[in-house]
Amino acid sequence: MEANLKELAEKLRSSDKRLKIAVIIGLVGILLIGISEALPKSDTETKKSDTSYAEFTDNLEKKTCDVLSSIDGVGECKVMITLKNSNESIFAKNNQENSNGSNYSSESEYVLYKGENGEEPMLIKEYYPEVKGVVVVCSGADNVTVRENVINCVSSLYGIPSTKISVSKLK
């Protein structure tokens with residue numbers, strides 16, 4: 001291997017300038033490719049993504065806690081929310097169906113548009129996760145009126161029955 005490298009170095013020394021320049025340009029190109037792979041991607045290069053499942057839940061819990069804390073008598077509160085599923089995105093499709101007598105075929109492809117990161121599928125609708133249940137722990141939970149107000153508030157916020165809401169006293 002060393003002999004091959006020495007032989008290559010000798011050939012480069014004795015060759016014309018054009019070959020030397022081509023080899024140098026090639027090495028610089030390989031170096032630049034290696035460096036570009038090591039650098040982090042910028043925001044425009046990374047695909048736009050909505051908040052993750054955990055971020056969505058944390059944000060929902062914080063907002064719910066803020067609303068519940070403003071109810072008279074609730075005091076300090078903590079909220080935990082469980083969700084039925086994660087986000088679901090519906091993309092536009094071109095459907096083509098052919099039927100000739102007893103033969104039936106169907107083809108489907110996503111509708112693409114030119115976005116920031118090249119071609120992207122066209123988003124029609126996005127469904128956010130549904131709230132499955134809520135647990136509220138607050139300092140005013142020993143008062144029946146406060147407990148009922150919290151249950152009514154959470155029930156109307158998320159459209160879930162009161163049986164899916166638990167309110168307990170904070171220690």
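User: In which helix is Glu61 found?

Analyst: This is a predicted model. In it, Glu61 belongs to helix H3.

User: How far from Glu61 is the nearest side chain of opposite charge?

Analyst: Glu61 is buried and has no salt bridge. A salt bridge needs a side-chain nitrogen of Lys or Arg within 4 Å of a carboxyl oxygen of Asp or Glu. For Glu61 the nearest side chain of opposite charge is that of Lys62, at a distance of 11 Å.

User: Which residues is Glu61 in contact with, leaving aside its neighbours within four places in sequence?

Analyst: Strand S1 (77-83) is among the elements that cover the buried residues of H3, and Glu61 is one of those buried residues. With its neighbours within four places in sequence left aside, Glu61 is in contact with Val79, Met80 and Ile81.

User: What span does helix H3 reach from its first C-alpha to its last?

Analyst: H3 covers residues 53-69, which is 17 residues. At 1.5 Å a residue the expected span is 24 Å, and the helix comes close to that, reaching 24 Å.

User: Within what arc do the buried residues of H3 fall?

Analyst: The buried residues of H3 are Phe56, Thr57, Leu60, Glu61, Thr64, Cys65 and Leu68. An α-helix has 3.6 residues a turn, so residues three or four places apart point the same way. Seen down the axis of H3, the buried residues line one face of the helix, because they fall within an arc of 160°.

User: Which exposed residues does the face of H3 turned away from its buried side carry?

Analyst: The buried side of H3 is covered by elements that include strand S8 (131-138) and helix H4 (144-158). The face turned away from that side carries the exposed residues Lys62 and Lys63.

User: Which residue does Lys62 meet in a salt bridge?

Analyst: Lys62 is exposed, with a relative accessible area of 53%. The N to O distance is 3.4 Å, and the partner is Asp66.

User: How many residues apart in sequence are the parts that Glu130 and Lys84 tie together?

Analyst: The side chains of Glu130 and Lys84 meet in a salt bridge of 3.7 Å, N to O. Glu130 lies in the loop between strand S7 (123-127) and S8, and Lys84 in the loop between S1 and strand S2 (88-91), so the separation of the two parts in sequence is 46 residues.

User: How many salt bridges does a search of the whole structure find?

Analyst: Those found include Lys62 with Asp66 and Glu130 with Lys84. Asp142 with Lys169 is another. For the whole structure the number of salt bridges is 3.

Key
Residues are numbered from 1 along each chain as its sequence is written. This is a predicted model: local features need pLDDT of at least 70, side-chain atom pairs count only at pLDDT 80 or more; totals for chains, interfaces and linings use all residues. Side-chain values use heavy atoms; hydrogens and water are left out. Helices (H or I, at least four residues) and strands (E, at least two) are DSSP runs, numbered from the N terminus. The expected span of a helix is 1.5 Å times one less than its number of residues. Buried means under 20% relative accessible area, exposed over 50%, partly exposed in between (1.4 Å probe, protein chains only). The arc is that of the directions from the helix axis to the C-beta atoms. Contact means heavy atoms within 4.5 Å. Lys and Arg count as positive and Asp and Glu as negative; His and the chain ends are not counted.
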